[in-house]
Amino acid sequence: AFFSHRVMSLFQVNVRDALNQAMDEELERDERVFLLGEEVAQYDGAYKVSRGLWKKYGDKRIIDTPITEMGFAGIAVGAAFAGLRPICEFMTWNFSMQAIDQVINSAAKTYYMSAGAQPVPIVFRGPNGSSAGVAAQHSQCFAAWYGHCPGLKVVSPWNSEDARGLLKAAIRDNNPVVFLENELMYGVPFDLSEEVMHKDFVLPIGKAKVERQGTHITLVSHSRCVGFCLDAAAVLAKEGVECEVVNLRTIRPLDVETIEASVMKTGHLVTVEGGWPQYGVGAEICARIMEGPAFNYLDAPAVRVTGVDIPMPYAKILEDHSVPQIKDIIFTVKKVLNM
Amino acid sequence: MQKMLTIISNVLRGSARRNGASLVVASRSYADFTPEATFDIKKVDLHRLEEGPPLTSTLTREEGLKYYRTMQTIRRMELKADQLYKQKIIRGFCHLYDGQEACAVGIEGGITLSDHLITAYRAHGYTLTRGGTVREIMAELTGRRGGIAKGKGGSMHMYTKNFYGGNGIVGAQVPLGAGVALACKYLGNDQLCVSLYGDGAANQGQIFETYNMSSLWKLPIIFICENNQYAMGTSVERSAASTEYYKRGDYIPGIRVDGMDVLCVREATKFAAAHCRSGKGPILMELQTYRYHGHSMSDPGVSYRTREEIQEVRSKSDPISMLKDRMLSNNMASIEELKEIDIAVRKEIEDAAQFATTDPEPPLDDLCSHIFANDQPFEVRGATPWTKLTSTS
């Protein structure tokens, strides 16, 4: 079932189903779109994101691959060269390291090297970042790595509206898009309006969204951490601190204008991400704020809340202390506001 | 070294057939020429195949002249590139194809321009056979705005219709080629993709991944290993546990072909193309060939092989000489006619080199363009926070 109940004109859709519906609609809309990856067809997807698609579209358009990332990512890029519009799933983004040469050197750079002769309309998607108890090799966040590279668009949705609108936009985009999902968000439901449920609903890639208006401090985040920022904001509101929460939605191109406008309003900035601090998304945002007009409006240094700078441990107590928690965000806000 | 020389001689000697002495004639009218002739060609080695390509090849006069001119054009173009590189007008990487001309020309003789082809970085010859002009190839090597990639790509990144480069990362082009083949099958257009790689790349894991998926899904792909005996400075014995590259596809049928004989290459390609188009899936061709230059212009090419070896191949197995001898001794063309072609080719190369050295470099406005397709122009950060550049599609 696509939705559990309908209230007024709101549909409750979890992130998994939002992604599923987005792919279904785009597969139906354009014959050239197809999905390949491990377990995407007959298993319905390792995380069930592609449930039902193989049954509906068959072997030609939903393709199970062997466990050979470098090979099938290359095949996906070649198919894009020749006019198809592949969606290449990495079971998790950790496995993309086996194929990263194809993503960067074959996909991202080709339009430039060919001086516009060869576009590459491909989407690479899959779950990114930390999960629960999957340990170090399965928990890395790749937003900074892929966000570093010109020629790629890098998208990191938080909620179901983000997932739906951005995936449809990514599939319709004629450029290589790295689509970073989050496993722990797959099962989380959100209310979607009729407008969002329309089959041509797309969100602009490269535009951030202010999820919560505020006046005292700007919190900038992406993916699951956006939810933590909103939770922290709710707690802080009780103490009279009004946080403005900005959901990046896109890592590259970064919507620095929206961040600057917010900082120029609040005078304070905290970035929040799940990835490691060194050379990360927050580091880039802070550098850009320093270099731009918003610097003059800062009443305190811009600061980052990040994952701890260690490989992800397994034991629950250690894992819980390896990622930003709501209390870390609250603590940081108070430090920055000198409370 | 001596062992290597013997191996190479034995492999290539069979291809150095001279069909009788050349005839010297003063003048002939075209009506006097033989319109077509059938030649015996070397038998190929077979892997998992009952039958191979035919043992003879019929060449028409027109085809012969076309192959001769194209091979000569590639030869002269590469030699001119050598010259320009030594004058520092071409810079960076430059991997030359002279010696291997029969491969590019023979392959094109077995497919059509609506088929697809992808190769690695030794790609100037293929850029030509796939429809590029000498002018735009040379201007790309010299990094000018008239280059086939407007100066943005250089030697290793040239593209034409149904030709996907020109790829710098060893082996990466092979899965890409299978992806193109997948698109051919998906779209049901009866086209195929030729995916080339060298003896060095042949050991890459992603190639075996591609063998697997291409066979599973019966993709219309012809894998071609251009075995020129050396991967940079490493000979085949030093890099491969098995140098029988035509067998390395294991469950994929393979043939090993004399890559110095344009007719052998053509017949083998026709055979392979028929195999693909019949829906049987992939097939693998090993072309035994040789490069006269080193790996690239930074490699003199004589520290890992002897000058005697290079000279032996040149004198006994040169692909252009072989075709020329065949045509002359079968009265398919005159020496004067071929000389005229040589002169025309030389002129074409000179004109192209002139263009390539005088055409201006790309405008600075082009620096940031072609990042994204079909997008609005957007700002790109320059070297300093105050340098704001624009990218257009």
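## Reading local features in a two-chain model

Author: Let us begin with Asp44(A), which is partly exposed, with a relative accessible area of 25%. Bear in mind as we go that this is a predicted model.

Reader: Happy to start there. Where is Asp44(A) found, and what is phi of this residue?

Author: The general idea comes before the case. Most residues other than glycine have a negative phi. Asp44(A) has a positive phi, near 70 degrees, and is not a glycine. Its place is the loop of chain A between strand E3 (33–37) and helix H2 (53–57).

Reader: Let me try chain B. What is the phi of Asp250(B), and in which loop does Asp250(B) lie?

Author: Phi of Asp250(B) is positive, about 60 degrees, although this residue is not a glycine either. Asp250(B) sits between helix H8 (236–239) and strand E9 (254–258) of chain B, in the loop. Asp250(B) counts as partly exposed because its relative accessibility is 44%.

Reader: On to peptide bonds. Is the bond from Arg252(A) to Pro253(A) cis or trans?

Author: As a rule, most peptide bonds are trans. The bond from Arg252(A) to Pro253(A) is cis, with omega near 0 degrees. Look for Pro253(A) in the loop between strand E13 (250–252) and helix H10 (256–266) of chain A.

Reader: Now serines. Is Ser322(A) buried or exposed, and what does its side chain reach?

Author: Buried means under 20% relative accessible area. Ser322(A) is at 4%, so it counts as buried. Its side chain reaches the backbone oxygen of Leu318(A) at 2.7 Å. Ser322(A) belongs to the loop between helix H12 (316–320) and helix H13 (326–336) of chain A. Beyond its neighbours within four places in sequence, Ser322(A) is in contact with Gly307(A), Val308(A), Ile310(A), Met312(A) and Pro313(A).

Reader: For chain B, where is Ser391(B) found, and which backbone oxygen lies 2.6 Å from a polar atom of its side chain?

Author: Ser391(B) is in strand E12 (residues 388–391) of chain B, and the oxygen is that of Cys368(B). With a relative accessible area of 1%, Ser391(B) is buried. Setting aside residues up to four places away in sequence, Ser391(B) touches several residues, among them Cys368(B), His370(B), Gln376(B) and Phe378(B).

Reader: Let us finish with helix pairs. At what angle do helix H3 of chain A and helix H7 of chain B cross?

Author: The axes of H3(A) (residues 69–81) and H7(B) (residues 205–216) come within 8 Å and cross at roughly 70 degrees. The two helices are therefore roughly perpendicular to each other, and the crossing is right-handed. H3(A) contributes Glu69(A), Met70(A), Gly71(A), Phe72(A) and Ile75(A) to the contact, while H7(B) contributes Gln206(B), Glu209(B) and Met213(B). By class, the contact residues are four nonpolar, two polar and two charged.

Reader: And within chain B, how far apart are the axes of H3(B) and H9(B), and which residues meet?

Author: The axes of H3(B) (residues 101–110) and H9(B) (residues 262–280) are 7 Å apart, and the helices pack at an angle of about 40 degrees. They are therefore oblique to each other, with a right-handed crossing. Residues of H3(B) including Ala102(B), Val105(B) and Gly109(B) meet residues of H9(B) including Val265(B), Thr269(B) and Ala273(B). The residues of this contact divide into seven nonpolar, four polar and two charged.

Notes
Residues numbered from 1 in each chain as written. Chains lettered and ligands numbered in written order. Predicted model: local features only at pLDDT ≥ 70, side-chain atom pairs only at ≥ 80, totals over all residues. Heavy atoms only, no water. Axes fitted to C-alpha atoms, helices over the stretch in contact; angles between N-to-C directions. Helix = DSSP H or I, 4+ residues; strand = E, 2+ residues; numbered from the N terminus. Parallel < 35°, antiparallel > 145°, perpendicular 65-115°, else oblique. Left-handed = near helix turned anticlockwise from the far one by under 90°. Contact = heavy atoms within 4.5 Å. Nonpolar A, V, L, I, M, F, W, Y, C, P; charged D, E, K, R; others polar. Buried < 20%, exposed > 50% of the residue type's maximum accessible area, 1.4 Å probe, protein only. Polar contact = N/O pair within 3.5 Å; in protein donor to acceptor, adjacent residues only side chain to side chain.
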